[in-house]
Amino acid sequence: MSEQALSSRPVYSARPTVRIDGRASDKVTQQLGTVRITESEGGMSSLELSLDNSARFDDGRMDLAFEDEALLRFGTTVSVYAGDEDAPREIFRGLVTGMEASFEGASGPELLLLAEDALQRARLARRTKVHVDASLASLARELATRVGMRAVVEGFDAPIGTHVQLNESDLAFLRRLLASRDGDLQVVGEELHVAPRKDVRRGTLEMSLYSQLRRARVVVDLAHQATEVTVAGWNALTGARVTGRGTGTNLGPGAGRQGAQVLRSGVGARAEHLGDLSAMTDAEARALAEAAFDQRARRFVCVEGTAEGNPALRVGTHLSLRGLGRRYDNTYYVVRAHHRYDLTRGYETDFEAECAFLGGP
């Protein structure tokens with residue numbers, strides 16, 4: 001696989017396309033200043049969209065452009081499409097939940113729209129509830145139904161015992177349980193996608209330094225690496241001690257030396273016991289230990305960089321980077337993406353990605 005061109009033409013327009021309540025608006029397009037979209041692991045994307053808020057009306061007077069709320073108001077659905085203007089791809093869909101008005105003298109009035117995706121409905125209300133023998137799949141489907149989305153769930157059908165949702169929002173509760181089982185949650189349009197982290201791949205890209213990859217910074221750190229993670233608990237029904245051990249199960253894409261191997265050879269073995277997690281069975285303790293080990297291991301090599309604006313660069317993308325040297329050329333998993341557009345630099349994508357492997361010297 002090699003780096004793929006972002007357009008069939010050598011020169012193309014990457015000006016974002018904005019749709020209001022499903023329809024393109026010439027007025028919004030003409031007044032568009034900047035676009036900033038941020039998405040990260042665990043779901044919930046946000047949008048900041050700035051507009052020139054001055055306009056000349058048919059009667060010749062100058063006034064604020066969007067003050068009548070005929071087009072932009074709280075609860076308006078905003079969709080943003082990015083990439084080649086002739087074939088854009090949707091990278092955000094959500095509701096306007098905030099506005100800012102800026103008056104900075106000679107620069108003219110500016111309107112900043114703040115929007116969040118459909119999961120904003122799940123983060124507002126907190127509740128206290130005891131969930132008995134629920135599964136992560138059933139909890140995800142309940143959440144999707146509550147916020148008017150369609151659930152797309154892979155795995156997680158097995159019951160996970162009794163869990164208390166104590167003064168937590170539905171989103172925070174589901175995120176917490178998914179993280180303990182190494183699960184992923186993302187919004188795709190009107191769908192809520194939930195799957196084991198090892199099964200997530202929102203496309204595959206390759207980028208080369210000083211081509212589509214404009215800059216990169218790589219950090220390799222042993223501080224949080226371990227050669228094993230253990231979890232222990234007590235089964236009150238049987239009066240038996242339960243234990244679990246994790247040494248690496250789902251480390252994600254890439255190849256090379258694992259953090260645990262480098263730690264053992266360079267510093268020495270280091271085990272970590274997680275005493276703040278409770279487990280009722282050996283299987284549950286093992287699942288918790290494996291998830292905790294894998295999450296640490298995958299953060300062994302972290303890269304943050306800036307690429308030519310690419311709507312396919314999303315959380316969950318497997319990103320092959322080239323031109324960084326033998327130790328750092330690898331396939332990374334994107335954990336955060338920030339799409340931004342302005343009239344000075346055009347369309348760029350900042351990203352953070354991680355890999356459990358370090359290449360050869």
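**View 1. The largest cavity of the predicted model holds about 90 Å³ of space.** This cavity is one of two in the structure with a volume of 30 Å³ or more. Its lining consists of Arg127, Lys129, His131, Leu139, Glu142, Leu143, Arg146, Gln165, Asp170, Phe173 and Leu174. Helix H2 gives the most to this lining, with four residues, and S10, H2 and H3 each supply at least two. By type, the lining residues of the largest cavity are five charged, four nonpolar and two polar.

**View 2. Helix H3 covers residues 170-180 and has several buried residues.** These are Asp170, Leu171, Phe173, Leu174, Leu177, Leu178 and Ser180. Residues three or four places apart in an α-helix point the same way, because each turn takes 3.6 residues. Just after H3, aspartate 182 takes a positive phi of about 60°.

**View 3. The second largest cavity has a volume of about 40 Å³.** Around this cavity lie Pro16, Val35, Ile37, Val80, Ala82, Ile91, His339, Arg340, Tyr341 and Tyr347 as lining residues. Strands S3 (32-40), S7 (77-82) and S23 (330-342) are the elements that each give two or more residues to this lining. The largest share, three residues, comes from S23. Eight residues of the lining of the second largest cavity are nonpolar, one is polar and one is charged.

Key. Residues are numbered from 1 along each chain as its sequence is written. This is a predicted model: local features need pLDDT of at least 70, side-chain atom pairs count only at pLDDT 80 or more; totals for chains, interfaces and linings use all residues. Side-chain values use heavy atoms; hydrogens and water are left out. Buried means under 20% relative accessible area, exposed over 50%, partly exposed in between (1.4 Å probe, protein chains only). On a 1 Å grid over the protein atoms alone, a cavity is a set of points where a 1.4 Å probe fits but cannot get out, and a pocket is an open set with protein on both sides within 12 Å along at least five of seven lines; lining residues have an atom within 4 Å of a point. Grid points are joined across faces, edges and corners, and a volume is the space filled by probe spheres set on the points. Ala, Val, Leu, Ile, Met, Phe, Trp, Tyr, Cys and Pro count as nonpolar, Asp, Glu, Lys and Arg as charged, and the others, Gly among them, as polar.
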